[in-house]
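Work through the exercises below with the model open. Each task is followed by a stepwise solution.

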Amino acid sequence: MANSLNRRTWIKSSALMAGGLAFFSGTISKLAAMPVLKKIAPLANRVTDQAAILNGGPVLKARLLANENPFGPSPAAKKAIQEALDLSYQYPMFSMGTLYNKIATYEGISENNILMESGSSPLLLAAALLYSKGGKSIITGDPSYEDLPSHAQQFDGKWVKVPLTVDYKLDLDAMEAKIDANTGLIYICNPNNPTATILDTAKLKAFCERVSKKVTVFVDEAYIDYLPDPQASTMINAVKAGHNVIVARTFSKLYGFAGLRCGYVIAQPETIKALSIYSTGFSLSATTIAGAIVAYREEAFLKEALQKTLASKEYLYSVLKKEGYEYIPSSANFVMFPLKMDSKKFVSEMMKRGVGVRSWQFNNKEWCRVSIGRMDEMEAFADAFKQLS
Ligand SMILES: Cc1ncc(COP(=O)(O)O)c(C=O)c1O
């Protein structure tokens, strides 16, 4: 039973129809059908400020620019990854099935509701391609995570940006009001990157139920593990109830797997099938899968990483307050605050002091986004910040 399930997953997700050759030719023809790949913006532009990578990467004392979790991966995940090396000459078809099965069981869904990739980024790209086809538009908050709509825009799609509310939350009513016959997708990032604000769960649930009757709703829950009770806030329940909702999750944040690359979406089986056209479904390595199987819902580790993140965040709040700065209260592992100087200059001055952060400009203000790191990194931030504030 387990084997047949696993084999089904392997066949479904790898296009392995009749032996290895078919897999390779299937994958290659899928890639060829994606004239798309060469159009994608360089990594440095997509992940973080280019300067941060080109000038500051190796010498950073505090790497607070990509919302990673420096407390991970867990020791048990690292051990599993090391142990997986011996068999890493094998394609990981069976272990991939185990990971699908673990997630499906925990969430009370079918494996057919899940599509996994090496991080959620490839799935954001798949959704961008699927839902912007034919010049359709993607509605997002502004500012919000730009990966999906900017990919859409690089191809046929249009990007409809809706300003945040006065308290820097996604403006669901205004976003809904923007829906028209050309809308392909509404993208909701909750908690929102870069403002780290969250939506009221009941309001978002009602929005998903109502709006998904008109257009697909994509809820990016990359940071949901930082909430006190993710299960109470997730929109996976809307998928379970049969609504036209896609929920994206990643192991890159609280699990500490950003470099290992593991993410997934949960949606209706027909949506998963449609997204699969734009996914090789076979990008996860044996080592990442082995680590993710052990790390998934490893509650003691997640709790400890969350507590350490919260302690570092409280310290950051106290530094900002002491220096006379306001900040947006954060529901994630990063904090956004308005600067009193040019934001690009601020980033570059911080970089000179070995501290990597990111800048934004919106609402006629200059902003800094600081990721939450280890306490020594937050202290390095504080030292450099005091010199500039
Ligand atoms: C909101 C959001 N979604 C998705 C991603 C992509 O994460 P990954 O591809 O590592 O899963 C990020 C990365 O920072 C993010 O902030």
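**Exercise 1. At what angle do the axes of helix H7 and helix H8 cross, and which residues make the contact?**

Step 1. Take H7 as residues 121-132 and H8 as residues 147-154. Helices (H or I, at least four residues) and strands (E, at least two) are DSSP runs, numbered from the N terminus. The model is a predicted one: local features need pLDDT of at least 70, side-chain atom pairs count only at pLDDT 80 or more, and totals for chains, interfaces and linings use all residues. Residues are numbered from 1 along each chain as its sequence is written.

Step 2. The two axes come within 8 Å and cross at roughly 45°. H7 is therefore oblique to H8. Axes are lines fitted to C-alpha atoms, for helices over the stretch in contact, and angles run from 0 to 180 degrees between N-to-C directions. Under 35 degrees counts as roughly parallel, over 145 as roughly antiparallel, 65 to 115 as roughly perpendicular, and the rest as oblique.

Step 3. The H7-H8 crossing is right-handed. A crossing is right-handed if the near helix is turned clockwise from the far one by less than a right angle, and left-handed if anticlockwise.

Step 4. H7 contributes Ser121, Leu124, Leu125, Ala127, Ala128 and Ser132; H8 contributes Asp147, Leu148, His151 and Ala152. Contact means C-beta atoms, placed from the backbone, within 7 Å.

Step 5. Sort them by class: 6 nonpolar, 3 polar and 1 charged. Ala, Val, Leu, Ile, Met, Phe, Trp, Tyr, Cys and Pro count as nonpolar, Asp, Glu, Lys and Arg as charged, and the others, Gly among them, as polar.

**Exercise 2. Which residues of H5 and H14 meet?**

Step 1. The axes of H5 (residues 75-84) and H14 (residues 286-295) come within 8 Å, crossing at roughly 145°. This crossing is right-handed.

Step 2. From H5 come Ala76, Ala77, Ala80, Ile81, Glu83 and Ala84. They meet Ala286, Thr287, Ala290, Gly291, Ile293, Val294 and Ala295 of H14.

Step 3. The contact holds 10 nonpolar, 2 polar and 1 charged residues.

**Exercise 3. What is the strand order of the open sheet of 7 strands, and which strands are its edges?**

Step 1. The order is E2-E8-E7-E6-E5-E3-E4, with mixed pairing. Strands pair if DSSP finds at least two bridges between them.

Step 2. E2 (114-117) and E4 (158-163) are the edges, each pairing on one side only. Neighbouring strands are turned by 20° on average, direction ignored.

Step 3. E2 pairs with E8 (residues 263-266) in the antiparallel sense over 4 bridges. Ile114 stands opposite Ile266.

Step 4. H7 lies across E2, E3, E5, E6, E7 and E8, at about 150° to E5. H13 (residues 269-276) lies across E2, E7 and E8, at about 30° to E2.

**Exercise 4. How many residues surround the ligand, and which are closest?**

Step 1. The count is 13, where near means a C-beta atom, placed from the backbone, within 6 Å. The closest are Gly119, Ser120, Ser121, Thr250 and Ser252.

Step 2. The shell divides into 4 nonpolar, 8 polar and 1 charged.

**Exercise 5. How many bridges join E11 to E12, and how many residues lie between them?**

Step 1. E11 (residues 358-362) and E12 (residues 365-371) run antiparallel, joined by 5 bridges. Gln361 is bridged to Glu366, and Phe362 to Lys365.

Technical notes. Contact = placed C-beta atoms within 7 Å.
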